[in-house]
Amino acid sequence: MTGYITHFVDGKPWEHGATRQGEVYDPATGQVAALVDFASTSDVGVVVSAADRAARAWRDASLAKRSAVLFAFRQLIHERRDELAAAITAEHGKVLSDAAGEVQRGLEVVEFACGIPSAQRGFFSENVSTEVDSYSIRQPLGVVAVITPFNFPAMVPLWFAPIAIACGNAVVLKPSEKDPSASVLLASWFAEAGLPDGVFNVVHGDKEAVDALLTHPQVKAVSFVGSTPIARYVYETGTAHGKRVQALGGAKNHMVVLPDADLDLAADAAVNAGFGSAGERCMAISVVVAVDPVGDELVGKISERVAGIRTGDGRRGCDMGPLVTKVHRDKVASYVDAGERAGAKLVVDGRAVRPDADGSGFFLGPTLFDQVTPQMSIYTDEIFGPVLSVVRVGSYDEALALVNGNPYGNGTAIFTNDGGAARRFQHEVEVGMIGVNVPIPVPMAYYSFGGWKSSLFGDTHAHGAEGVHFFTRGKVVTSRWLDPRHGGINLGFPTQH
């Protein structure tokens with residue numbers, strides 16, 4: 001029986017139906033699992049109007065009230081994390097342990113948002129002039145849109161929505177139409193936690209819904225995560241319509257391995273960061289930069305580990321699940337074909353994988369290329385799949401030039417036991433997030449997430465202090481009050497001031 005997923009608006013499921021729908025697959029079996037409503041431009045207008053009404057009241061809710069709702073929401077996620085992880089695995093395909101990790105990282109941002117009374121404090125200066133004081137405050141924007149990708153259907157919405165709500169805004173979330181159920185669960189739990197109707201809404205759809213949000217005059221800001229071409233489009237369209245935009249784009253993350261590195265640790269890291277979630281992570285390591293003479297040994301160690309990866313249905317205790325759709329699986333496989341044609345050495349071929357799954361799911365096994373050059377498409381393009389490329393270089397300087405010459409600047413890592421080399425790398429590399437012997441350097445919630453160059457459009461990163469800044473705007477107040485000593489009855493003993 002095919003399920004049915006609709007929008008969540010004004011505190012309840014949408015009741016108006018839809019003229020268009022999309023199919024939601026179980027990627028492990030290849031079968032359609034549900035139909036999801038697609039919003040029209042007029043539908044989005046109804047949703048935004050509901051959010052605007054709610055925002056006008058929610059902005060006046062005390063910080064204590066907002067924090068209390070978020071604490072209750074946090075508790076519901078904590079208690080029901082298994083349910084949320086199961087929904088992620090069923091529609092995205094990542095294994096249950098990976099889905100549980102996604103929920104945990106999203107929960108950390110909720111916990112940060114619970115501290116909004118301290119995170120949104122302003123500043124006060126007394127006597128900037130004689131008996132004149134100045135102080136700054138930050139206030140909510142109103143309605144904000146959050147447009148999120150398929151690869152983290154719970155974590156990425158939780159990067160933005162809890163902070164936007166804590167700051168006093170109303171949110172319209174447009175999740176990926178490929179795996180929409182997690183967002184609906186979050187919306188129902190927000191309502192159960194006591195969030196007023198209309199403060200958090202979910203609207204499903206495709207480009208029509210996105211464009212409606214980007215151009216609607218009542219939407220004041222847009223947060224987006226996705227590919228670089230779409231991030232650029234979202235940024236340019238949103239800003240052209242007067243909106244504040246943070247659009248996080250694609251990546252080509254490099255992991256530099258110096259000759260003094262622990263190669264067992266580096267090989268483990270390359271496999272974990274390259275093939276976790278079938279490579280469908282913007283922070284996945286897709287390029288290992290081996291500083292020779294370690295290349296042969298490192299490739300051998302990575303190959304040994306890849307051979308032991310069990311690919312299959314994420315609900316069966318496998319190591320790696322399917323890709324999200326057949327179209328995407330075939331696109332990733334085409335890059336393997338292209339890498340072979342270009343002359344890269346195919347060390348491990350994932351196209352012939354025999355997955356542990358029923359039906360004909362969207363599987364591609366871990367794939368490892370050696371002797372990759374910067375001119376090959378498997379190097380230049382963000383593949384977003386389980387394809388790991390090894391590029392050989394002769395020195396640290398060559399490795400640094402390779403990383404800095406890439407148009408993306410999302411995340412990078414260096415593996416070394418030389419503290420001086422690591423410190424030099426973190427200083428010189430032109431990337432927003434750096435790991436030292438850490439392959440996936442996703443910051444904790446109280447720091448901010450985001451890259452440089454073509455990995456970010458806009459100047460504000462996600463969550464942490466920058467997230468609070470993005471979802472608020474500042475006012476500076478300068479005030480002078482009459483001194484009550486200048487008038488009125490005072491029967492006290494006179495003193496000199």
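Residues are numbered from 1 along each chain as its sequence is written, and side-chain values use heavy atoms, with hydrogens and water left out. Because the model is predicted, local features need pLDDT of at least 70 and side-chain atom pairs count only at pLDDT 80 or more, while totals for chains, interfaces and linings use all residues.

**Cores**

The largest nonpolar core holds 64 residues. A nonpolar core is a set of buried Ala, Val, Leu, Ile, Met, Phe, Trp, Tyr and Cys residues joined through side-chain atoms within 4.5 Å. Buried means under 20% relative accessible area, exposed over 50%, and partly exposed in between (1.4 Å probe, protein chains only). F73, I77, L84, W159 and F200 have the most contacts inside this core. Helix α6 (residues 155-166) gives the most to it, with 10 residues. Helices (H or I, at least four residues) and strands (E, at least two) are DSSP runs, numbered from the N terminus. Another core, of 59 residues, lies apart; among them are A266, I285, I383 and V390.

F73 touches V110, L158, L186, W189, F190 and A193, not counting residues up to four places away in sequence. Contact means heavy atoms within 4.5 Å.

**Helix pairs**

| Pair | Angle | Axes |
|---|---|---|
| α2 (residues 63-79) and α4 (residues 96-114) | about 160° | 9 Å apart |
| α3 (residues 81-92) and α7 (residues 181-192) | roughly 155° | within 8 Å |

Axes are lines fitted to C-alpha atoms, for helices over the stretch in contact, and angles run from 0 to 180 degrees between N-to-C directions. Helix α2 is roughly antiparallel to α4, and α3 is roughly antiparallel to α7. That term covers angles over 145 degrees.

The α2 side of its contact includes F73, R74 and I77; the α4 side includes L107, V110 and E111. In the other pair, E83, L84, A87, I88 and E91 of α3 meet S181, A182, L185, L186 and W189 of α7.

**A buried helix and a buried loop residue**

In helix α8 (residues 207-215), A209, V210, D211, A212, L213 and L214 are buried. Their cover includes α1 (41-58), β8 (143-147), β9 (170-174), β11 (219-225) and α9 (228-240).

Where is N406 found? N406 sits in the loop between α14 (396-405) and β18 (408-409). N406 is buried, with a relative accessible area of 4%. N406 touches K252, H254, Y379 and K453, leaving out residues up to four places away in sequence.

Note on methods:
Angles under 35 degrees count as roughly parallel, over 145 as roughly antiparallel, 65 to 115 as roughly perpendicular and the rest as oblique.
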